[in-house]
Amino acid sequence: MAEILKGAPVASSLTEKLITHADSLKKRGVTPTLAMLRVGEKAGDISYETGATKRCEKIGIDIKKIILPEKCRREKVIEEIHKVNRDKNIHAFLMFRPLDDKDTERSACEALSPAKDADCMTPSALAGVFTGSGTGYPPCTAGACLELLDYYGVELSGKHVVIIGRSLVIGKPVSMLMLSRNATVTICHSRTKFLPEICREADVIIAAVGKAGFVGADFVREGQIVIDVGINLDANGNLCGDVNFPAVEPVVKAITPVPAGVGAITTAVLAKHVIEAAEKSC
């Protein structure tokens, strides 16, 4: 039986550390503050907003919610972002994506100050992840993968990490985070030839392909660690990951569940970015 790498203990440990940092900031007269912009009433956005709000309030982070109607004009979204840029009391910003209007989303990402970018929205923050310059912060989910591996004592230096997925939200940035820990990284995707064979060579597999149950028993061998970043619905409408958990779990050394795995850590990582941005503002 594999060790189940649950996200809740990771998030709780990180939260306790952040409470201490937030208290220290407040003693110096700084209240860490996050602005969240939501366009429309998408259920997923509202759910994440609720979870992030609870996490931040527990830590001692103030929340400023900006809620706009679904059909609002691009100029209104940009106007709100400019307000955030100018407000010295707001240290970090999160916009729920994707927006229905891709032009608006692109313009909004370009308008945001990279120093306040809590989720790698801006081109400068993304460049910072790839160059290691320290500009901005990596996407929260990518950061959650690293937090989880650190918490469970997984040494990455010299290890072979295979990442299935090439998006700018997970696949590519998490590959940079793994490289920063001296792992040897192979980036694959759904059209990679001989993918099961490549995955069986890995020490760590990170599945972020966006296809329910894509990673089966033929992808894995004994001794591996499998991190499932996928969020999908199965044929019965139940939440599931990119990994066929019943098939893979009996084989590998350790595996994250879906739900209750990586996703449980993302709001804590978001809060970490807010605290770090507030510290840099002092």
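Figure 1. Ile163 stands opposite Ile187 in strand E6. Strand E5 (residues 160–164) and strand E6 (residues 184–188) run parallel and are joined by five bridges; two strands pair if DSSP finds at least two bridges between them. Strands (E, at least two residues) and helices (H or I, at least four) are DSSP runs numbered from the N terminus. From E5 the chain passes through helix H7 (residues 171–180) to E6, a β-α-β crossover that is right-handed; in this sense of crossing, with the strands pointing away from the viewer, the path from the first strand over the helix to the second runs clockwise.

The model is predicted: local features need pLDDT of at least 70, side-chain atom pairs count only at pLDDT 80 or more, and totals for chains, interfaces and linings use all residues. Residues are numbered from 1 along each chain as its sequence is written, and side-chain values use heavy atoms, with hydrogens and water left out.

**Figure 2. Met178 within the largest nonpolar core.** This core has 53 residues, and Leu34, Leu156, Met178, Ile206 and Ile227 have the most contacts inside it. A nonpolar core is a set of buried Ala, Val, Leu, Ile, Met, Phe, Trp, Tyr and Cys residues joined through side-chain atoms within 4.5 Å. Buried means under 20% relative accessible area, exposed over 50%, and partly exposed in between (1.4 Å probe, protein chains only). Not counting residues up to four places away in sequence, Met178 touches Leu146, Leu149, Leu156, Val161, Ile163, Ala183, Val185 and Ile206; contact means heavy atoms within 4.5 Å.

**Figure 3. Helix H10 and its covering elements.** Among the buried residues of H10 are Val269, Leu270, His273 and Ile275. The elements that cover the buried residues include helix H1 (8–27), strand E2 (33–39) and helix H6 (140–151). The 16 residues of H10 should span 22 Å at 1.5 Å a residue, and the end C-alpha atoms are 23 Å apart, which agrees; the expected span is 1.5 Å times one less than the number of residues.

**Figure 4. The salt bridge between Glu49 and Lys65.** The closest N and O atoms of this pair are 3.6 Å apart; a salt bridge is a side-chain nitrogen of Lys or Arg within 4 Å of a carboxyl oxygen of Asp or Glu. Because Glu49 lies in helix H2 and Lys65 in strand E3 (residues 62–68), the pair ties together parts that are 16 residues apart in sequence. Glu49 is buried, at 6% relative accessible area, whereas Lys65 is partly exposed, at 41%.
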